[in-house]
Amino acid sequence: MTDTDVVPPGDDRPRGRAATITDVARLAGVAASTVSRALSNPGRVNVVTRERIEEAAASLSYVPSAHAQSLTSGRTGSVALLVPDIANPFYFDLIRGSQRQLRAAGYTQLLVDTEESHDVEAETLDAMLKSADGVILAASRLDDARLTAAAGRQPLVTVNRDIPGVPSVIIDTPTGVRQALTHLHSLGHRRVAFVAGPSDSWSSARRWEALQSAAEDLGVDLSFIGPWAPNAAAGGAAADAVAASSVTACVVFNDLLAIGMLTRLTERGIKVPDDLSIVGTDDIFGAEFCHPPLTTVAAPIEEAGRVAVTMLLTQLETRGTPRMRTTLPTYLRTRQSSGQAPD
């Protein structure tokens, strides 16, 4: 059929049924394929026919199918957010910030828990080539080469992973942990441990590097204890390892691990901060409600989600080049888990 092929006009739909593309075609006197072209790619249909189709669609209150639009445009209207552990409160604000920003831009957020697994993350990233217009990767466990290749196939932004040529949002926790060590030093602590996160965590490695530099400047004897899974369940074993060392304080990879340590230390009768000071990282919900309330490095997590979306939309909406790196500041929030070094 061509633009002039005529289908008997008239709107004879059953009452209450939403209009379809066939209804619009019938009313406009053209083929359904012509309606599809007119609404998805107006330049391919002559002006007179296009205007007749638009008038018919308006009179029927026709709403194009999102699925059909995605087939013609190659777009899904969705953006995937991949996080390592959806149960970690750190990601709550990241999810909220990105979702609000995406909704405002007319996108749907697809949330995927990659289960702290390299394999699950890699498989999901491949699947998102067809399921999402772009991807935001939080705390990725994939290597640089894999992420660079992924960014070459699909619009992508990482959070807390810095790779040349890949747009990234970096939360400046290295500066925050330096502040934490300076804080502990001011309280008289000279033997301090870093309770590390996963061995493949980019963030954990950066924090360790920052602490080593700060320890050298301050004259602190710094030790490495770990690696540990970044959750409260691992806190028991981490606490036992710290208790077996000679340190008087520790900086912990994240708040969940630190909170798990507090529980175990209480069971062992080790008083925080009288016997051991603890500083966490992230300032998640609950950090101020544990016993004692946790001194921690506070991070603008919700803002990180919003900024990541803005950088991704630059690629999706304007086909422009986004800022390659945005760094968000952190600061130390002191509470009752850190105190004077024991005599």
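**View 1. Helices α1 and α3 lie oblique to each other in this predicted model.** Let's start with the angle: the axes of α1 (residues 21-28) and α3 (residues 47-59) cross at roughly 125°. Angles over 145 degrees would count as roughly antiparallel, and those from 65 to 115 as roughly perpendicular, so the pair α1 and α3 is called oblique. The two axes come within 9 Å, and the crossing of α1 and α3 is right-handed.

**View 2. Here are the residues where α1 meets α3.** From α1, the contact is made by V24, L27 and A28. From α3, R52, I53, A56, A57 and S59 take part. Which classes of residue does the contact of α1 with α3 have? Sorted by class, there are six nonpolar residues, one polar and one charged.

**View 3. G286 sits in a loop between two strands.** The strands on either side of this loop are β9 (277-282) and β10 (295-298). Is G286 buried or exposed? Its relative accessibility is 18%, and because buried means under 20%, G286 counts as buried. Now look for P89: G286 and P89 are 197 residues apart in sequence, yet their C-alpha atoms are 8.6 Å apart in space.

**View 4. Stepping back, the whole protein has twelve helices and twelve strands.** Of its 343 residues, 51% are buried. The accessible surface of the protein comes to about 15600 Å², and carbon and sulfur atoms account for 51% of that surface. Finally, consider contacts between residues at least 6 apart in sequence: 69% of them join residues at least 24 apart.

Technical notes. Residues are numbered from 1 along each chain as its sequence is written. This is a predicted model: local features need pLDDT of at least 70, side-chain atom pairs count only at pLDDT 80 or more; totals for chains, interfaces and linings use all residues. Side-chain values use heavy atoms; hydrogens and water are left out. Helices (H or I, at least four residues) and strands (E, at least two) are DSSP runs, numbered from the N terminus. Buried means under 20% relative accessible area, exposed over 50%, partly exposed in between (1.4 Å probe, protein chains only). Contact means heavy atoms within 4.5 Å. Accessible areas come from the Shrake-Rupley method with a 1.4 Å probe; for residues, only the protein chains shown count as cover. Axes are lines fitted to C-alpha atoms, for helices over the stretch in contact, and angles run from 0 to 180 degrees between N-to-C directions. Angles under 35 degrees count as roughly parallel, over 145 as roughly antiparallel, 65 to 115 as roughly perpendicular and the rest as oblique. A crossing is left-handed if the near helix is turned anticlockwise from the far one by less than a right angle, and right-handed if clockwise. Ala, Val, Leu, Ile, Met, Phe, Trp, Tyr, Cys and Pro count as nonpolar, Asp, Glu, Lys and Arg as charged, and the others, Gly among them, as polar.
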